[in-house]
Amino acid sequence: MKIDTKIFGRLSGKEEAYLFTIQNSNGMIIKMSNYGGTVISILAPDRNGQFDDIVLGFDSLEDYLEQHPYIGTLVGRYANRIAGGRFYIDDREYRLAQNEGQNHLHGGLKGYDKILWDFNEYADQQRAGVMLSYRSFDMEEGYPGNLKLDVNFSLNDNNELTIEYTASTDANTHLNLTHHGYYNLNGGKYLIYDHELFINAGSYVETDKNLIPTGELIPLKGGAVDFRTMKPIGRDISKLENGYDHCYVLNKKAEGPELAARVNNPASGRIMEVYTTEPAIQFYSSNFLEGLNGKNNIEYRKHLALCLEAQHYPDSPNHPHFPSTLLKPGDIYKQTTIYKFLAE
Ligand code: GLA
């Protein structure tokens, strides 16, 4: 296992962002940056041992500094939407940036996707990776409490990318962290319609046209949104207005990470499994992707990739019957999410 560190580029304030190249003994290589905790590329083998880059990303830091839809980044403080950009804690109202119409999306104007994280890289026999750290200050993007955050990205010889999150606060706040990789197991050659998907969920979070939860959980009973049995993503996608952008409530039995989703790309034989400790997973079929020039000269367009974002339900602060995202002083927030790459 090894890791190599070099300068990726400079931000406008001249701070240096770093590029880490993490390699395991099977030849799998992950490139990532401490800018936004961004995973830039993942080289994974197909059934013939052929490596291909299976995540979307850009060549240079400059591209990442332009507007883009969270391609490969960390997302926080609150991944997904908060209705009206506001919530209450102990009868006090907190107002957040309304950066998607009236609503708050993915942590606001300068979320964790745009932060230059402190880092500590490491490599040993078991794994290699980078520990990212950030102190998110009280009222940053409108959220109360100073937060201490650590996010550990590592690769091991089981071809697992593990992301472990730890956080603590000095005042009551809401927290919902995720990672927003855009995966195409065929190296981005075609749209994802031939990728088959299984999601280990019995229901999903009903939302309105702005993707804000109504408060209802809808049991899966067949139909376009049902992935309880593996099926090609392209089979029913045209039955939905833009594609998939749904929060699935996972079947949870234990405390530790459990299988949340499995993606199979028959053309290459590549398989990705997602394991998480989170109660839900957002499946997003890159419905709003367009007009971006990605690395390897690929033009990014609608339905080119899929995101499986482990998280809590959207807008939980405003739905007391959803699993709570409230973090209190003395509590430790922990999440483990694993992306495992196989080939058959
Ligand atoms: C998430 C959301 C989508 C979209 C993307 C970023 O997956 O659910 O609606 O906002 O992030 O473009």
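Predicted model: local features only at pLDDT ≥ 70, side-chain atom pairs only at ≥ 80, totals over all residues.
Residues are numbered from 1 along each chain as its sequence is written, and side-chain values use heavy atoms, with hydrogens and water left out.

The ligand is surrounded by Pro69, Tyr70, Arg81, Leu105, His106, His180, Tyr182, Leu211, Asp245, Gln282, Tyr284 and Glu309, where a surrounding residue has a heavy atom within 4 Å of the ligand. By class, this shell comprises 6 nonpolar, 3 polar and 3 charged residues; Ala, Val, Leu, Ile, Met, Phe, Trp, Tyr, Cys and Pro count as nonpolar, Asp, Glu, Lys and Arg as charged, and the others, Gly among them, as polar.

An N or O atom in the side chain of Asp245 is 2.3 Å from an oxygen atom of the ligand. For His106 the corresponding distance to a ligand oxygen is 2.7 Å, and for Glu309 it is 2.7 Å. The protein covers 95% of the 310 Å² of accessible area that the ligand has on its own, as given by the Shrake-Rupley method with a 1.4 Å probe.

On a 1 Å grid over the protein atoms alone, a pocket is an open set of points with protein on both sides within 12 Å along at least five of seven lines, a cavity is a set where a 1.4 Å probe fits but cannot get out, and lining residues have an atom within 4 Å of a point. The largest pocket has a volume of about 570 Å³, a volume being the space filled by probe spheres set on the points. Of its 27 lining residues, His68, Pro69, Tyr70, Leu105 and His106 lie nearest the centre.

The second largest pocket, of about 290 Å³, has Leu211 and Asp245 among its lining residues. Both residues also belong to the shell around the ligand.

The largest cavity has a volume of about 70 Å³, and its lining includes Asp53, Lys295 and Tyr300. The second largest cavity holds about 40 Å³, with Arg77, Lys110, Glu140 and Glu141 among the residues that line it.

Terms used. Polar contact = N/O pair within 3.5 Å; in protein donor to acceptor, adjacent residues only side chain to side chain.
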